[in-house]
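Work through the exercises below with the structure at hand, and try each task before reading its solution.

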Amino acid sequence: MRAAALLVYSPEVRQEVADSILATEGVCKRFGALLASDNVTLDLHEGEIHALIGPNGAGKSTLIEQIAGAIKPDKGKIYFRGHNVTKLNTAERARLGLARTFQISALALEDSVLQNVILGGLGAQGRPYRFFKPVLASSALRETAEAALERVGLAQLARTRAGELSHGQKRQLEVAVALTLKPKAFLMDEPMAGLGSSGSARLTTFLSELRHEAPILLIEHDMDAVFALADRISVLVYGKVIATGSVDEVRILPEVRRAYLGDDAWDC
Amino acid sequence: MSLVLFIEQVLNGFQFGIMLFLTAAGLTLVFGVMGLINLAHGSLFMIGAFAAASIAGWTGSFVLAIMASLAAAAAAGALVEVAVIRKLYDRDHLDQVLATFALILILSEGTRWIFGSFPLYLNIPSYLSGPISLPGGIQYPLYRLTIIIAGLFIALCLRQLILKTRIGMQIRAGESDREMIAVLGVNISWLYTLLFALGAALAGVAGGLVGALQSVQVGMGEPILILAFVVIVIGGIGSVKGALVASILVGLTDRLGSILMPEAFKLFLPPADATLMGSALSSMLIYILMAAVLVWKPTGLYGVRV
Amino acid sequence: MSREGWINIALILSLLAVPLWAQVADEPFLITLSTRVAIFALAGVGLNLALGLGGLVSLGHAAFFGIGGYAMGILASHAQSYAPILEVPLLIEGTKSMPVIWLTALLVSGLVALAIGALSLRTTGVYFIMITLAFGQMLYYFSISWPAYGGEDGLPIYTRNNFPGLNTLDPIQFFLISYVILCIALVFISLLTKSSFGLALNAARQSVRRVETVGISTYRVRLTAFVLSGMMTGLSGALFADLNRFVSPSMFSWQTSGEIMIFVILGGTARLFGPVAGAALFIVLEHLLGGISDYWLIFLGLLLLAVVLFARGGLIGLLAGSPSRSG
Amino acid sequence: MKLKIMLATAALAMTASAGLGETVKVGMITTLSGGGASLGTAIRDGFMLAIKQANNPNIEVIIEDDQRKPDIAVQLADRMIQSDKVDILTGIVWSNLALAVVPSVTAQGKFYLSPNAGPSALAGKNCHENYFNVAWQNDNLHEAAGGYANTAGYKNSFILAPNYPAGHDALAGYKRMHSGDIAGELLTKLGQTDYAAELAQIRASGADSVYFFLPGGMGISFVKQYADSGITIPMVGPGFSFDQDMLAAVGDAALGVRNTSQWNKDLDNRANAAFVTAYVDEYGRLPSLFASQGYDTANLLLSAMAEANISDRDAFRDALRAANFDSVRGDFEFAANHHPIQDIYVREVVLEDGVYTNKILSLAIENHADIHAANCSM
């Protein structure tokens with residue numbers, strides 16, 4: 001229903017990208033002398049995990065920020081569910097069903113875990129302007145929130161303050177909040193970072209299932225996880241997509257070999 | 001309005017702007033490097049004026065008086081920094097606003113306690129008094145011209161200090177990355193005290209210079225404080241260059257506005273109403289300017305930080 | 001109930017008990033002082049919504065306090081002189097009825113808060129503090145230089161306005177009016193804190209990105225909070241004007257903004273009853289210290305400094321310990 | 001500040017004026033802190049000097065600081081009436097504070113004696129039988145200046161004042177009496193401290209004289225900058241901008257400036273000579289205009305106490321209206337609206353034994369009453 005309302009903003013529906021849920025087309029972004037996004041075109045299909053890899057400073061986070069709506073591109077367009085969303089802000093894109101988790105956790109740290117997740121439900125309902133009724137008294141919001149916490153394995157910690165969670169738990173909480181939005185696509189910025197190996201493995205299994213609910217555009221440094229999860233991989237270097245393809249196609253590229261398989265280190 | 005009168009008003013706007021700059025420069029530096037919002041900056045301006053008036057009364061020397069205003073304000077600044085301000089750097093803006101509001105009460109009433117309620121005497125020295133003739137038949141007070149030149153000179157010194165010296169390098173490092181100066185092995189708390197005292201000294205000199213033109217009294221710092229805030233917000237908080245540009249802009253807007261607004265209203269209103277309307281609107285003009293700039297550029301003309 | 005809860009109850013009951021005792025003991029001035037506390041507390045409760053809950057450090061709330069005051073002053077002065085405020089395009093007459101004045105004060109301060117907030121909330125941090133201050137100054141200078149309603153002289157209203165069924169000139173009855181309004185505001189805030197809106201506003205203070213990412217516009221949430229906050233402070237301004245039977249531009253001055261902020265901080269930021277405790281403490285101090293020395297503002301300054309530096313929870317924080325926000 | 005002065009009852013027998021035995025409680029609300037404190041201090045000192053000299057055991061004075069804030073003044077007035085049960089209030093310096101306080105004081109049946117502020121509303125339409133102004137109606141000194149400008153032969157005056165009601169009244173007052181032209185008229189910002197722009201306009205206007213009303217620090221700034229601007233046309237101001245307590249801060253810049261006042265320390269009458277000597281003895285400085293007004297206010301009150309009991313409001317009011325006291329300004333009587341009818345003088349700022357002060361030049365207007373009395377239905 002909300003999406004329909006937003007059609008007014010974006011009458012332009014492009015056929016060639018209509019079959020992908022999320023797409024960028026010729027996105028450019030410059031910070032002074034630095035070209036952070038250089039004519040980036042990529043897309044995300046239903047049911048897939050599309051991983052975005054590249055050395056530090058390649059412009060992965062800048063690209064995610066532009067897709068999420070936090071930064072406006074200088075040039076190019078972004079399509080989501082067939083609508084041109086380039087001019088929409090973060091909240092408007094989120095209401096269309098674009099969920100996001102952050103590289104550095106963005107949570108209401110003074111609030112409880114449950115309150116953080118309920119906030120997600122509130123956003124999905126689109127009705128935060130209620131001033132009298134206690135929010136915790138809404139059984140619908142509570143049930144959605146508790147179900148999401150159950151799925152990520154934080155149900156026992158519902159009453160804990162978010163600030164007291166461990167690093168990994170905060171990541172799980174971010175995913176739980178994203179789940180309550182009933183999203184049509186996920187943007188995940190390094191969800192594995194800082195997780196132990198068992199945590200990583202658990203999240204890998206979880207994401208592997210999640211792609212069937214909504215596709216995931218994934219930035220990740222953990223190559224084992226990327227190769228295990230990704231249906232497609234795009235390689236970003238100096239703001240430019242130098243290759244997109246299946247895991248096997250990308251794995252053999254010389255640039256990727258140099259970068260990730262120890263031939264040479266871009267990272268240093 | 002004649003051209004001569006207009007030029008004279010432009011000069012007045014410049015002079016007013018330069019005074020604002022001296023007050024605003026310290027404020028903006030302190031914010032840029034330490035992230036501190038200091039409402040008590042106007043009190044340092046007042047301390048400078050009182051010190052100048054006292055020393056001038058005692059020694060009769062205007063030069064000594066201005067040096068005293070510099071020294072007293074710097075000392076007061078350093079003292080306040082060590083006693084209070086230091087504890088506020090890692091607090092949020094709200095705590096800073098409140099604590100420095102409290103400092104205003106303490107410094108203002110403390111000054112009144114020491115000097116009494118009556119205004120003090122401080123006058124322009126005879127060798128700087130009276131008008132001089134500028135090309136084009138403009139009569140302009142020598143003292144105000146001196147202020148413009150002295151202010152520009154101080155602005156230039158400040159620029160050299162920031163761009164060319166070791167301390168300036170540390171200041172710039174602190175602006176871009178607070179952890180960086182720690183890495184450079186700089187004693188941060190010393191640097192902060194020094195910087196705060198420098199800002200205070202600039203405000204103090206402004207107080208001493210302006211004190212000779214106006215009345216040296218308790219509470220003289222508050223109006224100038226609010227104007228200085230308007231300046232640094234328009235210029236972009238933390239930018240000394242922005243403060244200079246905005247000072248001149250505010251100075252010109254205020255001076256020319258108070259002259260031109262009533263004239264403009266006279267074009268379509270009876271004179272008495274026009275004077276009234278024009279004056280009412282011109283007193284709001286710089287705030288309207290500030291609101292307009294912020295709507296257009298939410299971090300000021302030269303601001304980058306959010 | 002938590003310790004803070006008991007302190008709150010003690011506080012609100014003593015604010016009622018003191019004037020009632022004063023009524024019996026024939027100390028009418030104590031009633032006037034208590035009324036002042038209730039009205040200032042209401043102004044603080046309004047600011048606290050923006051400042052404590054929303055994290056919006058507004059140094060321009062005097063604007064709304066003054067707007068509320070002038071809403072009362074203008075309506076009552078026109079009623080006094082039987083001159084309509086506006087004849088074309090529609091007839092608007094003055095009034096001496098408190099409920100009508102209150103509604104007008106709420107409406108007008110809400111509209112002004114909407115305009116100021118819509119522009120100011122485009123900025124954050126220090127810029128927000130400064131632009132709210134600038135809007136306050138703008139109204140201050142306007143009120144001084146606009147002669148129609150007294151300019152700097154202000155506007156005296158010779159008798160207090162009317163409330164159906166009550167004698168408002170009786171100090172205790174006017175106190176009760178102010179007290180009941182304060183209580184309603186406190187109930188509203190306590191409900192709001194736990195509501196959907198409270199959750200969103202509180203989260204927006206902690207992380208803008210979090211709130212935006214779930215599809216809620218922090219700008220709109222904050223603007224709503226700012227408007228509600230301005231309305232409450234505006235209502236307190238109307239009551240304050242009625243208490244003094246006088247309005248003047250000093251209601252708009254930036255020192256007034258500072259004082260309202262002091263009520264909030266002295267009592268304890270983001271505490272429901274913080275402004276009540278803060279306003280009471282401020283009024284008591286003003287009277288005790290004012291009696292000791294001409295230079296009592298020095299002591300007020302020192303105390304304020306001590307609270308900011310060493311007792312960050314304010315008075316209620318000192319008594320009740322740190323708050324438990326999670327729920 | 002709270003200062004209760006209860007004078008020793010032992011003195012009772014010695015004082016002739018203490019004819020009637022009822023205690024009169026007086027509440028003084030004045031500005032003792034912040035920027036305007038010098039005016040309130042002078043009023044208080046003048047008032048208390050008269051009380052001390054009278055040595056009347058039946059008077060009790062409570063003094064409080066209004067911080068120049070209207071709401072504080074209203075609160076203090078409420079307290080004094082409700083708690084301290086005062087009969088008479090006095091002391092307010094500023095018109096806007098007086099407008100906030102006076103109507104409710106008089107409405108509650110208490111007397112208010114104004115030692116300074118005289119806004120036109122209280123002289124005209126809102127005059128009250130319990131309100132007496134012992135200083136002047138706000139327009140008086142400006143009108144006198146307008147009158148003086150005529151005698152001095154000024155044909156084309158430039159006039160300026162802050163943009164607020166007292167400023168508008170000042171300019172209107174000057175124009176009311178001045179028969180010449182107005183070369184220019186400016187309303188400056190209240191609290192403004194830099195007058196460069198205004199001075200440039202004055203210089204360009206071709207005026208032959210300047211009249212300004214800029215109270216407090218504004219006046220000090222203006223006069224200093226005027227002296228430095230090289231403008232040579234004569235400047236006239238109302239007395240309070242060249243008052244004793246201000247002159248030291250202005251210095252040489254004020255020398256020779258003409259200003260209008262209903263009082264000066266060299267006015268030749270016995271009461272004044274005694275006042276000046278006693279004031280210097282008591283406080284170690286020359287009295288100011290404000291101090292003289294405070295002193296007269298107290299003496300008016302004492303004269304009424306000698307004739308009537310405070311509990312008999314009508315008799316006491318009549319006694320006040322009679323103004324049967326020796327004013328330091330010479331002849332003094334009340335007009336129908338309870339504002340003074342008095343002579344107003346032109347003074348000149350001079351340096352006397354190293355002290356900046358005023359000396360009287362001539363009479364500006366004689367037996368002057370304000371025009372607002374016509375609007376007063378009393």
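**Exercise 1. Find the domains of chain A in this predicted model, and describe how they meet.**

Begin with the bounds: the assignment for chain A places 1-97 together with 185-268 in domain 1, and gives 106-182 to domain 2.

**Exercise 2. Determine how the two domains of chain D are placed and which elements of domain 1 face domain 2.**

The assignment for chain D builds domain 1 from 4-136 and 266-334, while domain 2 takes 140-261 and 344-375. Taken over C-alpha atoms, the centres of these two domains of chain D are 28 Å apart. Turning to contacts, 17 residues of domain 1 of chain D meet 19 residues of domain 2 of chain D. On the domain 1 side, the elements of chain D that contribute two or more residues are α1 (37-54), α4 (120-123) and α11 (289-307). The class count for that side of domain 1 of chain D is eight nonpolar, seven polar and two charged residues.

**Exercise 3. Describe the side of chain C that touches chain D: which elements supply at least two residues, and which gives the largest share?**

Start from the totals, in which 24 residues of chain C are in contact with 27 residues of chain D. Three helices of chain C, namely α2 (28-53), α5 (125-145) and α11 (274-292), each supply at least two residues of this side. The largest share, four residues, belongs to α2(C). By class, the side of chain C that touches chain D holds eight nonpolar, 10 polar and six charged residues.

**Exercise 4. Do the corresponding analysis for the side of chain A that touches chain C.**

First count the partners: 35 residues of chain A are in contact with 26 residues of chain C. Then identify the elements of chain A that give two or more residues to this side, which are α3 (90-96) and α4 (113-125). Of the side of chain A that touches chain C, α4(A) provides the largest share, with seven residues.

Definitions and conventions: Residues numbered from 1 in each chain as written. Chains lettered and ligands numbered in written order. Predicted model: local features only at pLDDT ≥ 70, side-chain atom pairs only at ≥ 80, totals over all residues. Domains from an automatic or database assignment. Contact = placed C-beta atoms within 7 Å. Nonpolar A, V, L, I, M, F, W, Y, C, P; charged D, E, K, R; others polar.
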